[in-house]
Amino acid sequence: MGSAISELPSQRTPLADAAETGLKIVIVGGFGVGKTTLVRSVSEIRPLNTEEVMTQAGVGVDETSGVAAKTTTTVAFDFGRISLNDRMVLYLFGAPGQKRFWFLWDRLFSGTLGAVVLVDTRRMDDSWYAIDRLEHHKTPFVVAVNRFDNDPSRHSLDEIRQALALPEHVPLIDCDARVRSSGKDVLITLVNHLYEQAKAREMTP
């Protein structure tokens, strides 16, 4: 994978002609956690998204507690792209959060290098399925806590790690999915985690 990185490009620039390595990254998490927002904030191209307006048909099907103000929902996946350098790019796939679309996740995980699990502490239980499926597929991942302004209980990262039973080797960080620099920090953390894992495998006899 080369070397770990400390920053990502800040401009929304066209893909360089020299780019030759594409890395597939999946962003997963519960309904309304901010996956679409994260893809939009970091993508250097106009992101593809499949958001639709929520209707009465979803009442009683989609669990909206904690996200009552949400009016749209992803029905397939979001797609964006960001360059690591002139030769390497990340292709970002945001998975749908509603339980009725979780069957799509296993297909999205195919060929995935790594993943970001977005967590909303108001709906922490929604994170379990994402973590379980990633562990099942043996896909490396980091956990990013999307801090919401209206979250009355600000749990510490240590408390969240304990609640999610996350091993110490899994990176856990705060983020604001609306802010490009914060989203970039999440991706940097993931790429550096993948680099450290690859380096560890190379040193294993």
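**Note on the salt bridges and overall build**

1. A search of the whole structure turns up seven salt bridges, a salt bridge being a side-chain nitrogen of Lys or Arg within 4 Å of a carboxyl oxygen of Asp or Glu. Bear in mind that this is a predicted model, where local features need pLDDT of at least 70, side-chain atom pairs count only at pLDDT 80 or more, and totals for chains, interfaces and linings use all residues. Side-chain values use heavy atoms, with hydrogens and water left out, and residues are numbered from 1 along each chain as its sequence is written.

2. One of the pairs is Arg178 with Asp176, at 2.8 Å from N to O. Arg178 is exposed at 52% relative accessibility (exposed is over 50% relative accessible area, buried under 20%, partly exposed in between; 1.4 Å probe, protein chains only).

3. Asp132 pairs with Arg133, with 3.9 Å between the closest N and O atoms. Asp132 is partly exposed at 42%, while Arg133 is buried at 15%.

4. Then there's Glu196 with Lys199, closest N and O atoms 3.6 Å apart. Both sit in helix 5 (residues 180–203), three residues apart, or about one turn of the helix. Glu196 is partly exposed at 40% relative accessibility, and Lys199 is partly exposed too, at 33%.

5. As for the fold, the protein has five helices and eight strands (DSSP runs numbered from the N terminus: helices are H or I, at least four residues; strands are E, at least two). From the N terminus, the order is β-α-β-β-β-β-α-β-α-β-α-β-α.

6. Of the 205 residues, 48% count as buried.
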